[in-house]
Amino acid sequence: MFDSRHVRVFDEVVRTGSFAAAARSLGYTQPAISQQMKALEKAVGTALFVRVGRGLRLTDAGEILAGHATGILSAISAAQQQVTAITRLRSGRIRVCAFPSASATLIPSAVKELKSVDSGVHIELLEGEPPDSVEALRRGDCDIALGFTYGAEAETPRAPDLFTIDLLDDPLIVLLPRTHPLAGNPAVELAQLADERWIAGCVRCRSHFVKSCATAGFEPNIDLTTDDNLAVQSLVAAGLGLAVMPKMVQSFLRHPEIVGRPILPAAARTVRAYTLPGYRKAPVTRMMLEALDRAARGLGTKRNPLPHKHSDR
């Protein structure tokens with residue numbers, strides 16, 4: 001059995017190239033480094049280093065351990081963070097990582113409800129687009145992550161290591177200047193906009209948009225790209241292009257010189273909440289998930305009722 005402290009020192013020796021350099025980096029004495037490496041070699045059952053002149057060279061066993069050391073240390077760190085997170089959650093603290101439009105729509109309602117139940121709960125809000133937000137959850141950097149998927153991707157099997165809730169289907173709309181010939185239509189066929197210039201958003205949204213245009217029979221002329229939803233609306237209002245965005249975004253950003261119209265064929269993104277199975281046992285996590293579920297209902301595009309849509313694995 002390896003001692004994680006020894007693996008950490010070994011990793012530093014490999015990184016810096018010598019016992020002396022590792023000692024300076026870690027604030028140890030060189031004899032202490034040598035002693036820990038001897039202890040690690042004893043645990044492994046073979047030498048990890050050979051001296052070559054004044055330097056060190058890894059043995060075959062050392063090479064193998066070096067290849068695993070970073071992963072071992074990362075796994076230990078993630079486990080420590082997750083255990084700490086569960087301890088913190090039991091004391092009424094929670095971190096939620098969400099993409100911007102969810103932070104501006106779902107989160108305020110959910111936090112208000114949670115605070116009304118327990119005014120002492122401490123909530124930390126982090127911003128992140130999927131899949132980065134979900135990976136942050138796996139690393140233990142947050143306790144609940146909000147993400148979204150598009151089209152066929154939304155129907156893919158849930159990640160088996162996560163507890164998942166489908167919150168809502170968020171319809172896509174096209175943003176048009178009020179002076180656009182189609183601005184008065186109740187809905188707009190995507191194929192009707194084949195000759196337009198376009199403003200594209202985040203990587204995942206842009207990828208789905210390009211695929212939708214291909215299905216409609218054209219390749220979009222993407223003239224501008226920005227992740228700033230307010231900037232997108234201003235650019236559309238200035239006549240610099242059209243944009244497709246989720247309706248949730250328009251619910252809190254409305255430029256007076258643009259209109260939003262449903263696109264045909266109809267499309268939507270699926271918004272989900274994720275947590276680790278161990279986290280959801282904490283009362284504050286459960287309450288936040290239930291509050292997010294009710295906030296989604298308030299937006300009017302709710303998916304199935306909560307008891308029928310948990311991925312309880």
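The model is predicted, and the protein in it has 10 helices and 12 strands. Of its 313 residues, 42% count as buried. Among the contacts with a separation of 6 or more, 73% are accounted for by residues 24 or more positions apart.

**Strand β5 and its partners**

- Strand β5 (144–150) has 7 of its 7 residues buried, so β5 is largely enclosed by the rest of the structure.
- Ile144, Leu146, Phe148 and Tyr150 point one way from β5, while Ala145, Gly147 and Thr149 point the other way, and the residues of both sets are all buried.
- With β3, the strand β5 runs parallel, and 2 bridges join them; in this pairing Cys97 has Ala145 of β5 as its bridge partner.
- With β12, by contrast, β5 pairs in the antiparallel sense over 6 bridges, and here Gly147 stands opposite Arg272 in β12.

**Strand β6 and its partners**

- Strand β10, residues 243–246, pairs with β6 in the antiparallel sense over 4 bridges, and Val174 stands opposite Val244 of β10.
- Strand β11 pairs with β6 in the antiparallel sense as well, over 5 bridges, and the bridge partner that Ile173 has in β11 is Pro262.

- The buried residues of α6 are Ser133, Val134, Ala136 and Leu137, and because they cover an arc of only 155° around the axis, they lie on the same side of α6.
- An α-helix has 3.6 residues a turn, so residues three or four places apart point the same way.
- These buried residues of α6 pack against β3 (93–98), β5 (144–150) and β12, and of these strands β3 and β5 are themselves joined by 2 bridges.
- Just after α6 comes Gly140, which takes a positive phi of about 90°.
- Most residues other than glycine have a negative phi, and most peptide bonds are trans.

**Cis peptide bonds**

- Pro130 and Pro131 are joined by a cis peptide bond with omega of about 5°, and Pro131 is found in the loop between β4 (122–127) and α6 (132–139).
- A cis peptide bond also leads from Leu264 to Pro265, with omega near 0°, and Pro265 is found in the loop between β11 (258–264) and β12 (268–275).

**Helices α1 and α2**

- The axes of helix α1 (residues 4–16) and helix α2 (residues 19–26) come within 8 Å and cross at roughly 115°, and the crossing in which α1 passes α2 is right-handed.
- On the α1 side the contact is made by Val9, Glu12, Val13, Arg15 and Thr16, and on the α2 side by Phe19, Ala21, Ala22, Ser25 and Leu26.
- By residue class, the contact of α1 with α2 divides into 6 nonpolar, 2 polar and 2 charged residues.

- Cys202 has its place in the loop between β8 (197–200) and α7 (203–216), and because its relative accessibility is 12%, against a cut-off of under 20%, Cys202 counts as buried.
- Leaving aside neighbours within four places in sequence, Cys202 is in contact with Glu129, Phe148 and Asp227; Phe148 is one of the buried residues of β5.
- The C-alpha atoms of Cys202 and Glu129 are separated by 8.6 Å, although the two residues are 73 residues apart along the chain.
- Ala295 has its place in helix α10, residues 283–298, and is buried, with a relative accessible area of 11%.
- Not counting residues up to four places away in sequence, Ala295 touches Leu106, Ser109 and Ala110.
- The C-alpha atoms of Ala295 and Ile107 are separated by 7.9 Å, while these residues are 188 residues apart along the chain.

Methods. Residues numbered from 1 in each chain as written. Predicted model: local features only at pLDDT ≥ 70, side-chain atom pairs only at ≥ 80, totals over all residues. Heavy atoms only, no water. Axes fitted to C-alpha atoms, helices over the stretch in contact; angles between N-to-C directions. Left-handed = near helix turned anticlockwise from the far one by under 90°. Contact = heavy atoms within 4.5 Å. Nonpolar A, V, L, I, M, F, W, Y, C, P; charged D, E, K, R; others polar. Buried < 20%, exposed > 50% of the residue type's maximum accessible area, 1.4 Å probe, protein only. Arc of directions from axis to C-beta. Pairing = 2+ DSSP bridges.
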